[in-house]
Amino acid sequence: MQHVFKMEQEEYTKEEIDWSYIEFVDNQDVLDLIEKKPGGVIALLDEACMFPRSTHETFAEKLYQTLKDNKRFSKPKLSRTDFTINHYAGDVTYQTDLFLDKNKDYVVPEHVALLCASKCSFVSGFFPPLHEESTKSTKFSSIATQFKQQLQSLLETLSATKPHYICCVKPNNLLKPGIFENNDVLQQLRCGGVMEAIRISCAGYPTRKNFDEFVRRFSMMEPKVLKSCPDEMTACKRLLDKANLKDYQIGKIKVFLRAGQMAELDACRAEVLGRSAIVIQKKARTYICEKQYKLLRFSAIELQRAIKGINYLNPFLYYV
């Protein structure tokens, strides 16, 4: 969500273009419900694991009491220990039967440090160094806490880079080739946020180009535009007006285009390239034909001169 939607609109604000805020579904409240301290699901789970007498019934009861007012959290009517979270993809019901057992990490930190320091790379590879927050407390270390730390590390890496995503879609539930279940695929796209991303892109400006890049690509549509324009921003405006485009936006350093406008510009560019190719072909064919004509003309003149020379030197040649 952060990279697909929020950063999209932050760039509009940074470029100071005229736009209206696009509403989208934000799942930050779901993330807070799961991992926020002290009242999140993971925090309550870790707290329950630290008490020996805790059971999944007492853990479920603690969840019901703490999160009863959260609109994303609900208790199924026919269960005493299950709970439901309204995720971005839909409602998911969780069974708490083995939550406490699966969350406890029974590996002693001293043992992990010993095996991590092993000279055998095969053994040490199974026990990566513990996170700093995990080493602070040697009494209890939960699987959920380790997962949060790994997830936080991943998010820090994503924030420091420019991530690109590949959305994998399962075509059918039979795991067989040649079968494409439309409804299941559409549901996967909705749950993965792809449909929402497309909606945001179509409502905003999905295509943006830096001024210098835009001018380099489309300056052939108006070759004299660079000579008469004082800066690249003005050149971009003239190129866009030349293509008769409407509803585009000019930012501080970028051109923002609506969906489909880049295709229109590429079509105009292809038309110009096509006309230029015809002119080049015409010039090339003219040059080749002119060269062949001059060669034939020169050959004919040489041949005529040779025949006339022979006739002059041998005036009676044709009478013999």
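**Figure 1. Overview of the predicted model.** Of the 320 residues of the protein, 26% count as buried, where buried means under 20% relative accessible area, exposed means over 50% and partly exposed lies in between, with a 1.4 Å probe and protein chains only. This is a predicted model, in which local features need pLDDT of at least 70 and side-chain atom pairs count only at pLDDT 80 or more, while totals for chains, interfaces and linings use all residues. Residues are numbered from 1 along each chain as its sequence is written, and side-chain values use heavy atoms, with hydrogens and water left out. The secondary structure comes to 15 helices and six strands; helices (H or I, at least four residues) and strands (E, at least two) are DSSP runs, numbered from the N terminus. The accessible surface of the protein comes to about 23,100 Å², of which 58% belongs to carbon and sulfur atoms, as computed by the Shrake-Rupley method with a 1.4 Å probe, where for residues only the protein chains shown count as cover. Among contacts (heavy atoms within 4.5 Å) between residues at least 6 apart in sequence, 52% join residues at least 24 apart.

**Figure 2. Confidence along the chain.** The mean pLDDT of the protein is 83, and 89% of its residues reach 70 or more; pLDDT is the predictor's confidence in each residue, from 0 to 100. Among the elements of the protein, strand 1 has the highest mean pLDDT, at 92, whereas helix 8 (residues 132-136) has the lowest, at 50.

Figure 3. Three strands form an open sheet in the order 1-2-3, and the pairing is antiparallel. The edge strands, each of which pairs on one side only, are strand 1 (73-74) and strand 3 (90-94). Two strands are taken to pair if DSSP finds at least two bridges between them. Strand 1 and strand 2 pair over two bridges in the antiparallel sense, and here Ser 74 stands opposite Thr 84 in strand 2. Strand 2 is mostly covered, since four of its five residues are buried.

**Figure 4. The hairpin of strands 2 and 3.** Strand 2 (residues 83-87) runs antiparallel to strand 3, and five bridges join them. The two strands form a hairpin with two residues between them. Asn 86 stands opposite Asp 91 in strand 3, and the bridge partner of Phe 83 in strand 3 is Tyr 94.

**Figure 5. Backbone details in three loops.** In the loop between helix 2 (28-35) and helix 3 (41-49) lies Pro 38, which is joined to Lys 37 by a cis peptide bond with omega about 0°. Glu 16, in the loop between helix 1 (2-15) and helix 2, has a positive phi of about 60° although it is not a glycine, and at 58% relative accessibility Glu 16 counts as exposed. Leu 175, a residue other than glycine, also has a positive phi, near 55°; Leu 175 lies in the loop between helix 9 and helix 10 (182-191) and is exposed, with a relative accessible area of 71%.

Figure 6. Phe 147, Leu 151, Leu 154 and Leu 155 make a nonpolar surface patch of about 350 Å². Patches are made of residues with over 30% relative accessible area and no salt bridge, with like charges joined within 9 Å and nonpolar side chains (Val, Leu, Ile, Met, Phe, Trp, Tyr) within 5 Å; a salt bridge is a side-chain nitrogen of Lys or Arg within 4 Å of a carboxyl oxygen of Asp or Glu. Phe 147 lies in helix 9 (residues 143-159) and is partly exposed, with a relative accessible area of 49%.
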